Amino acid sequence: MKNFLYLFIAVFSISATAQLQSPEAFLGYEIGAQFTRHADVVNYFEHVAENSAMVTYAEYGKTNERRPLTYAIVSTPENLANIETIRKNNLINARLETGSANPEVAIVWLSYNVHGNEASSTEAAMATVYELITKKQAWLENTVVIIDPCVNPDGRDRYANWYNQVKSTPYDVLQTAAEHNEPWPGGRPNHYLFDLNRDWAWATQVESQQRLKIYNQWMPHIHVDFHEQGINEPYYFAPAAEPFHEVITDFQRSFQTDIGKNHAKYFDQEGWLFFTRERFDLLYPSYGDTYPTFMGAIGMTYEQAGHGRAGLGINTDEGFVLTLKDRAAHHTTTGLSTVEMGSKNATKLNTEFKKFFINSDIEYKSYVLKGNPDKLKALTNLLDKHDIKYGFSDGGNVNGFNYSQNKNASMDATGALVVSATQPKGKMVKALFEPDAKLSDPLTYDITAWSIPHAYGLDAVASKTTVAANGRNPYVKEINQVYAGAAGYLVKWNSMSDARFLAELLQNDIKVRFSEKDLSFEGKTFDKGTLVITKSDNRSNIEFAATVTKIANKHERKLHASNTSFSDNRTDFGSPDIKLINKQRIAMLRGDGVSSLSFGSLWHFFEQDLKYPVTNIDTGDFSAASLKNFDILVLPSGWYGSKLNDEAIDGIKDWVRNGGKIIAMAGAVRSFAGKDGFDLNQNKAAEDDDEKKEESKGNLTPYDQRERENVKDLITGSIYKTTLDASHPMAFGYGDSYYSLKLGGTSYQFLENGYNVGYIKGAPETVSGFSGVDAKEGLTDSMTFGEARMGSGSIIYFVDDVMFRSFWENGKLLFVNSLFFVNNNRFTL
């Protein structure tokens with residue numbers, strides 16, 4: 001019977017393959033002759049799966065623009081018939097499932113086109129799958145290859161559709177041609193203009209969330225992320241550059257080198273240039289190479305010259321034409337070479353993969369976290385996305401490194417969230433939670449600090465002993481009963497869950513107030529920022545009580561019903577210090593001069609997180625006169641020099657004086673520095689540094705030391721302790737300190753007439769990440785978050801971008817407070 005089955009499979013395979021078409025035959029053009037629309041890529045993979053017994057193809061989700069996210073599983077018919085056993089045995093090998101297994105099948109995952117305008121890799125994906133099943137079948141006998149042909153379909157089609165519209169026929173190789181200069185925002189990001197290659201760990205985007213579900217079901221041994229770089233770089237492949245994160249094993253390091261040498265063999269045969277061990281390090285945990293690496297894989301980035309500028313062909317600065325055909329061929333070669341190395345080393349990969357998940361030698365065994373229940377719930381939601389296990393403490397003191405005190409201290413662990421680093425995914429736990437990542441080299445490709453306790457605003461202790469986590473989850477789901485007899489409801493203000501509740505109330509035309517003073521009603525106390533929802537304000541709404549209760553239950557908010565508006569502490573519901581919240585009309589700039597990433601994070605925040613409307617205005621259509629219909633103007637980080645000229649500034653000033661509010665993020669802040677009326681000046685230390693540079697007689701630093709010498713002026717994503725004025729509405733819901741992620745050394749003086757809400761007084765305190773000595777010194781006595789008043793309105797400065805990549809959860813409430821609480825005195829009907 002078994003022989004008959006194999007015979008049937010062989011006959012079926014021959015019959016199906018006879019119908020199989022190459023990419024060229026199916027598409028009607030040679031790979032690299034055109035940019036293929038995503039829909040046609042999907043059609044080709046469906047064709048392959050229908051006509052080959054060696055491929056299955058499935059959809060794992062959809063993008064924001066409703067394009068399918070897909071993956072193919074490629075192996076022999078025998079392996080595919082046994083694919084669920086192969087998958088489960090791999091998880092058993094990693095101790096992620098129970099049972100016994102001794103697998104010898106390698107699992108290789110190839111991810112293409114995470115950046116939409118790095119478009120050669122999706123073309124290579126089609127060539128790669130065809131080569132594997134027609135010429136490289138022997139490699140598949142002990143290997144399963146998973147191919148995601150396009151991680152970012154929305155970005156790819158944005159790029160491909162634009163290019164196909166503007167390109168010349170035949171294509172123009174001159175760099176100045178229109179087809180080599182993408183318009184804003186370019187095809188790199190997804191729909192919400194996020195860089196998906198930096199979203200693996202934070203999983204803020206729908207593409208990442210859906211991909212991780214499949215990734216964690218497979219946990220491959222090798223993962224490759226295919227990219228493109230500048231047109232004048234040849235090709236980059238592993239091994240990676242320093243710094244390597246310390247959780248990376250010796251085998252992962254050495255096997256990267258083995259793979260790189262195998263690639264080099266093929267590139268040398270063809271006379272193709274490449275480079276290794278430069279630029280692309282393995283530290284930041286949210287890349288498509290580092291995340292898989294910290295999950296046990298050999299994670300790698302491959303970078304082909306090209307990017308969005310290259311089109312179908314472009315003249316490089318070295319005088320030759322770089323074509324899409326060449327780019328696709330290079331990616332096809334490294335993809336196949338990777339599979340070859342997986343197949344040749346399948347047994348070794350499985351053996352070392354098993355070892356990776358043994359974490360007895362990790363220093364900090366448990367991370368114990370306490371704080372606002374909503375913030376703890378937000379963190380457990382993140383852990384669930386990665387299938388990282390956690391529990392809750394029964395109580396008792398825990399000793400270890402205390403994040404708030406930045407030293408060893410104890411903490412009462414009653415009801416605390418406990419995340420163990422001794423679980424199979426302990427190395428990823430260490431990477432995400434560790435107080436300060438060790439750096440073998442300060443020259444990194446990305447930020448150097450991201451510690452979860454600070455990002456989520458939680459008190460935490462890293463313990464060198466295992467902390468028991470058998471307690472119950474202390475989070476209580478609030479269920480309120482409709483109580484129509486209340487004079488009003490009070491809701492505490494501490495988290496983004498409270499902010500979403502407020503946003504939905506306003507969207508349902510419920511009038512809401514907030515208190516600028518501490519409150520007490522019927523023996524219960526409430527801090528500044530508490531929401532006050534009164535019957536008086538909403539007396540025309542006969543469904544008032546039912547509507548408020550329904551929305552509160554949806555958001556799991558506790559309604560404190562008060563039978564009276566007469567307070568215990570002299571601040572009654574009608575007090576001038578309990579202010580009505582405006583249903584804000586918000587405008588935000590996009591387009592030329594605006595950082596697409598900053599705009600995207602804010603756009604995503606309004607639409608998907610806060611769920612509150614925002615009107616996006618292109619910078620080319622913006623004028624001060626257009627602000628008459630808005631209460632707030634949000635300026636994402638960017639370069640606004642040409643947009644905010646003297647005439648525009650005068651118009652904006654008039655609008656602000658009449659009650660308008662500007663919220664300037666990060667790079668947008670400098671647009672107001674030194675300008676009359678904005679109370680904003682560059683920090684004196686930074687000015688002195690600029691003057692010293694101007695007076696310098698020359699730089700005598702040797703040529704080969706310039707880059708390393710410049711690190712003293714760099715802050716590469718470091719965490720600093722910042723003092724907060726908790727009495728200011730911008731800081732409601734916070735204590736007197738805040739841990740801020742600084743992305744650079746930009747520094748401003750304290751506001752003279754305005755409010756310095758967040759600031760560094762005296763010498764700055766770094767708690768995590770790298771900062772050059774000069775850059776750090778320049779932060780002495782500097783403003784981080786501030787409000788400057790102008791007439792009836794305000795300008796709010798976020799020197800540090802609290803919305804960066806949407807992962808610094810603890811900063812988001814500062815932004816919401818700025819929208820609804822700060823100087824909220826302009827009302828619309």
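The second largest cavity in this predicted model has a volume of about 40 Å³, a volume being the space filled by probe spheres set on grid points joined across faces, edges and corners. The structure holds 3 cavities of 30 Å³ or more, and 41 salt bridges are counted. Residues are numbered from 1 along each chain as its sequence is written, and side-chain values use heavy atoms, with hydrogens and water left out. As the model is predicted, local features need pLDDT of at least 70 and side-chain atom pairs count only at pLDDT 80 or more, while totals for chains, interfaces and linings use all residues.

**Cavity**

- A cavity is a set of points, on a 1 Å grid over the protein atoms alone, where a 1.4 Å probe fits but cannot get out; lining residues have an atom within 4 Å of a point.
- Y236, A238, A240, Q256, L282, D289, G299, M300 and T301 line the second largest cavity.
- With 3 residues, strand β9 (residues 298-305) gives the most to this lining; strands (E, at least two residues) and helices (H or I, at least four) are DSSP runs numbered from the N terminus.
- The lining of the second largest cavity consists of 5 nonpolar, 3 polar and 1 charged residues. Here Ala, Val, Leu, Ile, Met, Phe, Trp, Tyr, Cys and Pro count as nonpolar, Asp, Glu, Lys and Arg as charged, and the others, Gly among them, as polar.

**Salt bridges**

- A salt bridge is a side-chain nitrogen of Lys or Arg within 4 Å of a carboxyl oxygen of Asp or Glu.
- Because D446 lies in the loop between α15 (426-433) and α16 (452-455) and R198 in the loop between α7 (153-166) and α8 (206-218), the pair ties together parts 248 residues apart in sequence.
- D446 and R198 are both buried, where buried means under 20% relative accessible area, exposed over 50%, and partly exposed in between (1.4 Å probe, protein chains only).
- D446 and R198 also belong to a network of salt bridges that links them with E118, R188, D195 and R805.
- In the salt bridge between E246 and K438, the closest N and O atoms are 3.8 Å apart. E246 is in the loop between β7 (241-244) and α9 (250-270) and K438 in the loop between α15 and α16, 192 residues apart.
- E246 is partly exposed, at 37% relative accessible area, and K438 is exposed, at 54%.
- D537 and R513 meet through their side chains at 2.7 Å, N to O. D537 is partly exposed, with 22% relative accessibility.

**Nonpolar cores**

- A nonpolar core is a set of buried Ala, Val, Leu, Ile, Met, Phe, Trp, Tyr and Cys residues joined through side-chain atoms within 4.5 Å.
- The largest core has 168 residues, of which L610, Y797 and F815 touch the most other members. Helix α17 (residues 496-507) supplies the largest share of this core, 7 residues.
- Leaving out residues up to four places away in sequence, Y797 touches residues including F672, F678, M730, L751 and F785; contact means heavy atoms within 4.5 Å.
- V74, V108, L140 and F251 are among the members of a second, separate core of 46 residues.

**Helix α5**

- I83, I86, R87, N90, L91, I92 and N93 are buried in helix α5 (residues 83-93).
- Their cover includes β2 (68-74), α4 (77-81), β3 (106-111), β4 (143-148), α8 and α13 (346-356).
- R95, which follows α5, has a positive phi near 65 degrees.

Methods
On a 1 Å grid over the protein atoms alone, a cavity is a set of points where a 1.4 Å probe fits but cannot get out, and a pocket is an open set with protein on both sides within 12 Å along at least five of seven lines; lining residues have an atom within 4 Å of a point.
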